[in-house]
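Ready for some practice with charged side chains and burial? Work through each exercise with the structure open beside you, and try each one before reading its solution.

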Amino acid sequence: MSTAKLRVGYVPEHFSAPLLMLANSPWGSKNMELVEQASGTGQMLTSLDRSQPGGQKIDVAVALTEGLITGIAKGRTDYKLVGSYVRSSLTWAIITGTSPEAAKYQTVGDLRHAKVGVSRIGSGSHLMASVLALQQGWVTSEGRVEDREFVVNNDFQTLRDGVNQKPGHETGFFMWEWFTTKPFKDAGEVRYIGSLPTPWPSWTIAASTHTALDDMDRKDVLEEFLHELDETIRAFANEETRKDGSLEAHIEMVHHYRPEDIKAWASQVRWAGERTPDPEGVTPTDPQAQKTNAFTLSGGMIRNTLATLEKAGVVSSPAQPWDVTTFVDTDVARLV
């Protein structure tokens, strides 16, 4: 019987609060190991790939929806979707520099022909730049998103350096989560010139077909993990913890953001499985999102995400309609 812990890739940001709490619980200490993936979804996709130097590094990825779906749509079979993590949208900041060379970028329209900084090809920062181009109408006469020059700057620090024209990394803009970037905007290191919310629930859970979904012992642990995570989410994020301020206090203690920023972010975010209603005035990104949790997925969400990614030129339309069951391990996760 395998005694290996489930290696769970995560981004060390405020969205990961329930994951961190679960990892520190008695169950988590015994059964899971958090593997930090500071560069984000692109790094997680690499860490799931056993053909990479150093081999496969994680068994589970809690990552951005668009990156996970794009990987499978482009032919990856080494992971499947197994659950939902955050049902609300993620707000991407559109970011440029504060150096004199960046002064020519004052509006989103000024970025049409600018170099785009990305952490990795296939990352959220890469895919959302194409969604931005679609939204802005930066398309050819045939309706295709115009070709862009992407500069792979690997990590958040180098992305910030790039928009401030550090030699070898120069870009016009990059995209990153709004509140993660805000301390650097407030400090004057970068500038915001726009934002773009994802038109889909922002975070999804995937598992390796080579380990977590192949080894029966690990598969048992994976199913336990998803149910334990669901319970942790419900305990952490609910109407009571939002009302008494304990949710915001935890985020402030761990991530050290300004209280007013945490309040603004928390008012908009909803984890999958959380029973708190969506914020008033916010249209759900997916009508089925209210019904998802850590071990269910919305088939409509997968279809709608694929449709937008097709229009943005990220993925190609198949000869036959997409079969959402090929994206999901339906032995572990239930489609709603």
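A residue counts as buried when its relative accessible area is under 20%, as exposed when over 50%, and as partly exposed in between. Keep in mind that this is a predicted model.

**Exercise 1.** Find out whether K182 is buried or exposed, and then name its partner in a salt bridge.

*Solution.* Start with the accessibility of K182: the value is 14%. The cut-off for buried is under 20%, so K182 counts as buried. Next, look for the partner: the side chain of K182 meets that of D261 in a salt bridge, at 3.2 Å from N to O. Now place the two residues along the chain. K182 belongs to helix α7 (residues 178-186) and D261 to helix α11 (residues 259-266), so the pair links distant parts of the chain, 79 residues apart. Finally, check D261 by the burial rule: at 10% relative accessibility, D261 is buried too.

**Exercise 2.** Work out which parts of the chain are tied together by the salt bridge between E146 and R112.

*Solution.* First, confirm the pair: the closest N and O atoms of E146 and R112 are 2.5 Å apart. Then locate each residue. E146 sits in the loop between α5 (124-136) and β7 (150-152), while R112 sits in the loop between β5 (91-97) and β6 (116-118), so the bridge ties together parts that are 34 residues apart in sequence. Last, consider burial: E146 has 18% relative accessibility and counts as buried, whereas R112, at 28%, is partly exposed.

**Exercise 3.** Describe the salt bridge of R242, and say where its partner lies.

*Solution.* The partner is E274, with the closest N and O atoms 2.6 Å apart. To widen the view, trace the bridges that share partners: K182, K185, D186, R258 and D261 are joined into one network. The count for the model comes to 16 salt bridges.

**Exercise 4.** Which residues does T211 touch, leaving out those up to four places away in sequence?

*Solution.* Begin with location: T211 lies in the loop between β10 (203-208) and α8 (216-236). Its relative accessibility is 13%, so T211 counts as buried. The residues that T211 touches are R7, Q56, D59 and R218. With one of them, Q56, the side chain of T211 also makes a polar contact of 3.2 Å.

Conventions. Residues numbered from 1 in each chain as written. Predicted model: local features only at pLDDT ≥ 70, side-chain atom pairs only at ≥ 80, totals over all residues. Heavy atoms only, no water. Salt bridge = Lys/Arg side-chain N within 4 Å of Asp/Glu carboxyl O. Helix = DSSP H or I, 4+ residues; strand = E, 2+ residues; numbered from the N terminus. Buried < 20%, exposed > 50% of the residue type's maximum accessible area, 1.4 Å probe, protein only. Polar contact = N/O pair within 3.5 Å; in protein donor to acceptor, adjacent residues only side chain to side chain. Contact = heavy atoms within 4.5 Å.
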